[in-house]
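How do two chains meet in a model, and what does each side bring to the contact? The report below takes up these points in turn.

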2 protein chains.
Amino acid sequence: MKIDVCYTPDLIHQYEVENKTVVVIDILRATSCMVAGLASGVQSITPVATVEECEALGAQGYIMAGERGGQKLPQFQLGNSPFEYMKPELRGKKIATTTTNGTQAIELSKKANEVVIGAFLNQKAVVNHLNKTKNDILLFCAGWQGKYNLEDSLFAGAICNALKNDAEFESDSALCALYLYQSMASDISYYISRSNHASRLTKFNVREDIEYCARVDEFNVLPKLKGAELVL
Amino acid sequence: MKIDVCYTPDLIHQYEVENKTVVVIDILRATSCMVAGLASGVQSITPVATVEECEALGAQGYIMAGERGGQKLPQFQLGNSPFEYMKPELRGKKIATTTTNGTQAIELSKKANEVVIGAFLNQKAVVNHLNKTKNDILLFCAGWQGKYNLEDSLFAGAICNALKNDAEFESDSALCALYLYQSMASDISYYISRSNHASRLTKFNVREDIEYCARVDEFNVLPKLKGAELVL
């Protein structure tokens, strides 16, 4: 089994996604929300690239969710906070979501053999699944507006660390994600709080979100793309 | 003073190079060769993008140097080894060089306020210069065929570490390069030997080159781009 890490969507052209298991990672906050929501009873989450597509699904009865530049859109019911996704009234509901980075990365992964959703919140479930797959693995960091970010790379490193005895690292991206994780493993939450993205989000009073997204193994679930929908 | 790190030429579109001091980094082996050669008496080194441009300068009396895929081209006098660049018979000579990654990164930096050449071999000279400049700084890793690599990111991290008290980090790329360096600083040579690029080069029997390129502060020189030429 080979494993590689793509640090941002702007580098995805360097990788083959066909035949692979792709793990999409957007720790702050899209994939953390997806894990928290589906683990809390949301029926499905449909990621879409544009606000217009989201509104079209909203007209069909979907709950509309998402952000642009870290802020909820006024016409949407939900923003991009994991706490919003865990509300009891969303049980059994279908959500359509569009975010700055995470939903774009999912869109770019659609030719993969399978697309699963990773976050610290479901880290062990991701590792357990990858240990069973026969596919090669691509850990795909959503980044921030195409740029490298700390928190997604750090989670990719956590997965590389968990698989390091069984998987062959295909590139320095995987190797350096591992080293980064090993240097930060003692205090994930602190290092994420030092990231640029965390600094940007602090303006929007979402410190609790950031702390929550750094929690490891809150949920033993693995969201997976089936057609256009993420489901468990 | 702001400092940022671009991990590969495939991400350079995310950065402004205008008005900046750009440090081009290709540890294995282009920028290490440039430092070693100019420090050893080579008069100038002209980086060019293509083999044809190199041959055209060769016809004008330049020494032709460079590689494709890590190997010397048969019609060239020099390959891409720092030892070749330090030969006494090259003193006072002009070299034209084309390499897989390093010369492309220099080409992409030409709109900068100034372009300087960085390697472990002249680390302190780079830091001393950056401490004096009033420009913002971009550390530009040449990578490998557009991909992220360990050794260039590690050197970028060494520079971030040296400037961390005086410079503002513009992104997580700079922050994570710093963390990577801090986790590897105890044994630069070992970590570079674990990189993918080092593995590839080992096939060509260049272990001595790799060890040499990991040496810190062999030369107190700063190659700088003047027109089309690198000079001291």
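What follows describes the interface between the two chains of a predicted model.

## Symmetry of the pair

Chain B is superposed on chain A by a rotation of 180 degrees with 0.0 Å of shift along its axis, and the RMSD of that superposition is 0.0 Å. The two chains are therefore related by a two-fold axis. Both copies use the same surface, in that 100% of the contact residues of chain B recur in chain A.

## Extent of the interface

In this contact, chain A contributes 29 residues and chain B likewise contributes 29 residues. Between them, chain B and chain A bury about 2300 Å², and 57% of this area lies on carbon and sulfur atoms. Of the area that chain B buries against chain A, 28% comes from B:Tyr148, B:Asp172 and B:Tyr179, which is more than any other three residues supply.

## Polar and charged pairs

Two salt bridges are counted between chain B and chain A. A salt bridge joins the side chains of A:Lys147 and B:Asp4, with an N to O distance of 4.0 Å. Polar contacts across the interface of chain B and chain A amount to twelve residue pairs, with both residues at pLDDT 80 or more.

## Make-up of the chain B side

On the side of chain B that touches chain A, α6 (150-163) and α7 (172-184) of chain B each supply at least two residues, and α7(B) gives the most, with eight residues. By residue class, the side of chain B that touches chain A holds eleven nonpolar, eleven polar and seven charged residues.

Note on methods. Residues are numbered from 1 along each chain as its sequence is written. Chains are lettered from A and ligands numbered from 1 in the order in which they are written. This is a predicted model: local features need pLDDT of at least 70, side-chain atom pairs count only at pLDDT 80 or more; totals for chains, interfaces and linings use all residues. Side-chain values use heavy atoms; hydrogens and water are left out. Contact means heavy atoms within 4.5 Å. Buried area is the accessible area (1.4 Å probe) that two parts lose on being put together, summed over both. A polar contact is a pair of N or O atoms within 3.5 Å; within protein, one must be able to donate a hydrogen and the other to accept it, and residues adjacent in sequence count only if both atoms are side-chain atoms. Helices (H or I, at least four residues) and strands (E, at least two) are DSSP runs, numbered from the N terminus. Ala, Val, Leu, Ile, Met, Phe, Trp, Tyr, Cys and Pro count as nonpolar, Asp, Glu, Lys and Arg as charged, and the others, Gly among them, as polar. Copies are superposed by least squares on the C-alpha atoms of residues with pLDDT of at least 70 in both.
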